[in-house]
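Subject: Structure handover

Hi,

Here is the structure I promised to send over. Please open it alongside this note, and my findings follow below.

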Amino acid sequence: MAEAVKAAESMAPTRPHPGVESGAANIALGPVAALMDRTRDTVRKAMGEGG
């Protein structure tokens, strides 16, 4: 069960995205939004902006 939670967390966006409240939108856009969020978080961390 812990592995399933870790996998879900790794694919989930790190911040809310308005307009993707439906299940279909979450399935379609969730992984893309998560990738964008994690990239933004990594760049900010590298530039020393925190968070």
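Start with aspartate 37. Its relative accessibility is 0%, so it counts as buried; the cut-off for that is under 20%. Please keep in mind that this is a predicted model. Aspartate 37 sits in helix 2. What does aspartate 37 contact, leaving aside its neighbours within four places in sequence? The partners are Pro13, Thr14, Arg15 and His17.

Next, aspartate 41. This residue also belongs to helix 2. Its relative accessible area is 25%, so aspartate 41 is partly exposed. Not counting residues up to four places away in sequence, aspartate 41 touches Thr14 and Arg15. Thr14 and Arg15 are also among the contacts of aspartate 37. From aspartate 41 to threonine 14, the C-alpha distance is 8.8 Å. In sequence, aspartate 41 and threonine 14 are 27 residues apart.

Then alanine 46. Helix 2 contains this residue too. Is alanine 46 buried or exposed? Its relative accessibility is 69%, so alanine 46 counts as exposed. Alanine 46 and lysine 6 are 40 residues apart along the chain. Their C-alpha atoms are separated by 24 Å.

Now the helices. The secondary structure comes to 2 helices and 0 strands. The radius of gyration is 13 Å, well over the 10 Å that the globule rule gives for 51 residues, so the protein is more spread out than a compact globule. Helix 1 covers residues 2-11, and helix 2 covers residues 23-46. Two packed helices are described by the angle between their axes and the distance between the axes. Here the angle is about 75 degrees, and the axes are 8 Å apart. Angles of 65 to 115 degrees count as roughly perpendicular, so helix 1 and helix 2 are roughly perpendicular to each other.

Which residues make the contact between helix 1 and helix 2? Helix 1 brings Glu9, Ser10 and Met11. Helix 2 brings Gly30, Pro31, Ala34 and Arg38. By type, the residues of this contact divide into 3 nonpolar, 2 polar and 2 charged.

Last, the protein as a whole. The C-alpha trace spans about 35 × 30 × 15 Å along its principal axes. Of the 51 residues, 12% count as buried; aspartate 37 counts as buried. The protein exposes about 4100 Å². Carbon and sulfur atoms supply 66% of that area.

Best wishes

Note on methods:
Residues are numbered from 1 along each chain as its sequence is written. This is a predicted model: local features need pLDDT of at least 70, side-chain atom pairs count only at pLDDT 80 or more; totals for chains, interfaces and linings use all residues. Side-chain values use heavy atoms; hydrogens and water are left out. Axes are lines fitted to C-alpha atoms, for helices over the stretch in contact, and angles run from 0 to 180 degrees between N-to-C directions. Helices (H or I, at least four residues) and strands (E, at least two) are DSSP runs, numbered from the N terminus. Angles under 35 degrees count as roughly parallel, over 145 as roughly antiparallel, 65 to 115 as roughly perpendicular and the rest as oblique. Contact means heavy atoms within 4.5 Å. Ala, Val, Leu, Ile, Met, Phe, Trp, Tyr, Cys and Pro count as nonpolar, Asp, Glu, Lys and Arg as charged, and the others, Gly among them, as polar. Buried means under 20% relative accessible area, exposed over 50%, partly exposed in between (1.4 Å probe, protein chains only). The radius of gyration is taken over C-alpha atoms; the globule rule is 2.2 Å times the number of residues to the power 0.38. Accessible areas come from the Shrake-Rupley method with a 1.4 Å probe; for residues, only the protein chains shown count as cover.
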